[in-house]
Amino acid sequence: MTDSQVLARKWRPKDFSELVGQEHVVRALINSMEQNRLHHAYLFTGTRGVGKTTVARILAKALNCEQGVTAAPCGKCAACMAIDQGNFIDLIELDAASNTQVDAMRELLDNAQYAPVAARYKVYLIDEVHMLSRSAFNAMLKTLEEPPEHVKFILATTDPQKIPVTVLSRCLQFNLKQIPPSLIVERLTEILSMERIPADAAGLRLLAQAAKGSLRDALSLLDQAIAFGNSVVNESDTRAMLGVLDQDHIFALLEALAEQNGAAIFAIADRLEAASVSFDLALQDLAALLHRLATAQVIPQMLDETQPDGDRLLALTKRFSPEDIQLFYQIVLHGRTDLAHAPDEYSGFTMTLMRMLAFMPDSRQPGRAYADTGTDHAREVKVEAPPYLQEAKPVSDQSPNEAWLALVNQLKLSGMTRMLAQYSEAKSFSESRIELYVAEMHKHLLEKSYQDRLRSQLEIHFGKPVEVIFSQGSITGVTSAALQDRDKLARQSKAVEAIESDPYVQELIEQFDARLNVSSIKPID
């Protein structure tokens, strides 16, 4: 039994028409062939697996096909077949990473003076050319500038910035792009069809995303997925093989956030921890889903409801405002940055989720708490409203910051504008002039667009122009956000105390030997 060939080698493109995602390069090369405008040195740049060496070999075939210089080499003549098999005597391939020294370059250039053995052109393909030493680059400069008529240089690199400008200026340069996931999925589908291997679209999308623009990496992962799934490629096996987070968890997080259900959010975080999921990856996926939600809200026609999660995504677009989506996206990005500085990944992840929960719009009535008692009924108990929601002092008795705190709760703000107001402290306050300070740790809130929106809302509230001065500096910490955090803790404590002392709850505990689930007690904001 002969070993099967890996897919990346078996399905390597043999001509320009088979190349995926590099139309700009293909078009330029085909035009140069048809117009007989051949250059003596080509440089192909791009990240790994996008087709640099493949393009170089196809170009070598196009230059040496026995039918003549052509943009469509026949693939059947001795020269084309030898190049495909990697044993064409006049195609000299050099791995610069393994041959960095000047001696190897001098030997190569000495041989360049001799005519090709069996071809029209002697082609030198130097891969990872940026790895050559400076002396090796200097040795090739003269030959690269004025090579013999029968010599063509094809250079490939993943890091063109390390190539001396004297070499770059002597080459015709083409930059190969990373291949979009949609094109990778299309190519994988074609290959699997020819291989007669069943696959689902969701599994292939996961492979395309994991490949990060590299078709070669996608084919290597596809080989692995075929083996892992016993000659079947499906989403569940592919997700397990890649260690990719199940998107159900990410959707569930946002759904729990929409319900303001902190207990459900922590339950999902606990499941992710038990499954040893990377919390950085979880935040990355959460940001990606928020991006999809924002896109669906701004451009509804881009929402593909035929996808398995289309209905779920559509439902979420109706539960969050565009401003909240933008706010959550920023919180998640900051959460990823802060993850390395958190006591551990779990606390960093859950703190990010709690920050999102803290800035959820609040439409419920203040002053009540509820608890799930484990029966068909939930118990509600009166809880005193926090000070900043109680009747305010007369304006004449208020300090500038007290007046500002009272005003913040009256303004119709959302998203980052609301954060700016809630993290600001007033140094002076009047209906015509307000001076606000923000701590250095929240200086990112001082973007001009957020300032302009807050100033606009203040002018709407007062019905006249207001001079608002924003500054970064030291504050006492008595901000709306700080008070809300403190009051949430106080109300939670009071809610627990109220439920525990409730006669109905005590009766249930005594009669049924029940336990009170403290985590289920939530003050209704």
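## Helix packing and loop residues in a predicted model

The axes of helices H12 and H14 approach within 10 Å and cross at roughly 65°. This is a predicted model, in which local features need pLDDT of at least 70 and side-chain atom pairs count only at pLDDT 80 or more, while totals for chains, interfaces and linings use all residues. Residues are numbered from 1 along each chain as its sequence is written, and side-chain values use heavy atoms, with hydrogens and water left out.

Axes are lines fitted to C-alpha atoms, for helices over the stretch in contact, and angles run from 0 to 180 degrees between N-to-C directions. Helices (H or I, at least four residues) and strands (E, at least two) are DSSP runs, numbered from the N terminus.

**The chain as a whole**

The protein chain has 22 helices and 11 strands. Of its 525 residues, 45% count as buried. Buried means under 20% relative accessible area, exposed means over 50%, and partly exposed lies in between (1.4 Å probe, protein chains only). Contact means heavy atoms within 4.5 Å. Among contacts between residues at least 6 apart in sequence, 74% join residues at least 24 apart.

**Two helix pairs**

Two packed helices are described by the angle between their axes and the distance between the axes. Two pairs are set out here.

| Pair | Axes come within | Crossing angle | Handedness |
|---|---|---|---|
| H12 and H14 | 10 Å | roughly 65° | right-handed |
| H9 and H11 | 7 Å | roughly 25° | left-handed |

A crossing is left-handed if the near helix is turned anticlockwise from the far one by less than a right angle, and right-handed if clockwise. Angles under 35 degrees count as roughly parallel, over 145 as roughly antiparallel, 65 to 115 as roughly perpendicular and the rest as oblique.

H12 and H14 are therefore roughly perpendicular to each other. On the H12 side, the contact uses Gln247, Ile250, Phe251 and Leu254. H14 supplies Ala282, Asp285, Leu286, Leu289, Leu290 and Leu293. By class, this contact divides into 8 nonpolar residues, 1 polar and 1 charged. Ala, Val, Leu, Ile, Met, Phe, Trp, Tyr, Cys and Pro count as nonpolar, Asp, Glu, Lys and Arg as charged, and the others, Gly among them, as polar.

H9 (residues 201-211) and H11 (residues 235-242) form the other pair. These two are therefore roughly parallel to each other. H9 contributes Ala202, Gly203, Leu206, Leu207 and Ala210 to the contact. From H11 come Glu235, Thr238, Arg239, Met241 and Leu242. The contact of H9 with H11 has 6 nonpolar, 2 polar and 2 charged residues.

Helix H15 spans residues 310-317, and its buried residues are Gly310, Leu313, Leu316 and Thr317. They cover an arc of only 125° around the axis, so they sit on the same side of H15. The arc is that of the directions from the helix axis to the C-beta atoms. The buried residues of H15 pack against H12 (247-258) and H14 (279-298).

Helix H19 (residues 415-422) has 8 of its 8 residues buried, so it is largely enclosed by the rest of the structure. Among them are Met416, Arg418 and Gln422.

**Loop residues**

Most residues other than glycine have a negative phi. Lys212 has a positive phi, near 55°. Lys212 is in the loop between H9 and helix H10 (215-228). With 53% relative accessibility, Lys212 counts as exposed.

Gln260 also has a positive phi, of about 55°, and is not a glycine. Gln260 belongs to the loop between H12 and helix H13 (262-274). At 19% relative accessibility, Gln260 counts as buried.

Arg319 lies in the loop between H15 and helix H16 (322-338). Its relative accessible area is 38%, so Arg319 is partly exposed. Leaving aside neighbours within four places in sequence, Arg319 is in contact with Glu255, Ala258 and Glu259. Arg319 and Glu259 are 60 residues apart along the chain, and their C-alpha atoms are separated by 9.3 Å.

**Two buried helix residues**

Thr143 is part of helix H6 (residues 134-145). Thr143 counts as buried, at 12% relative accessibility. Not counting residues up to four places away in sequence, Thr143 touches Leu109 and Phe153.

Leu483 is in helix H21 (residues 480-500). Leu483 counts as buried at 13% relative accessibility. Its C-alpha atom is separated by 9.3 Å from that of Leu405, 78 residues apart along the chain.
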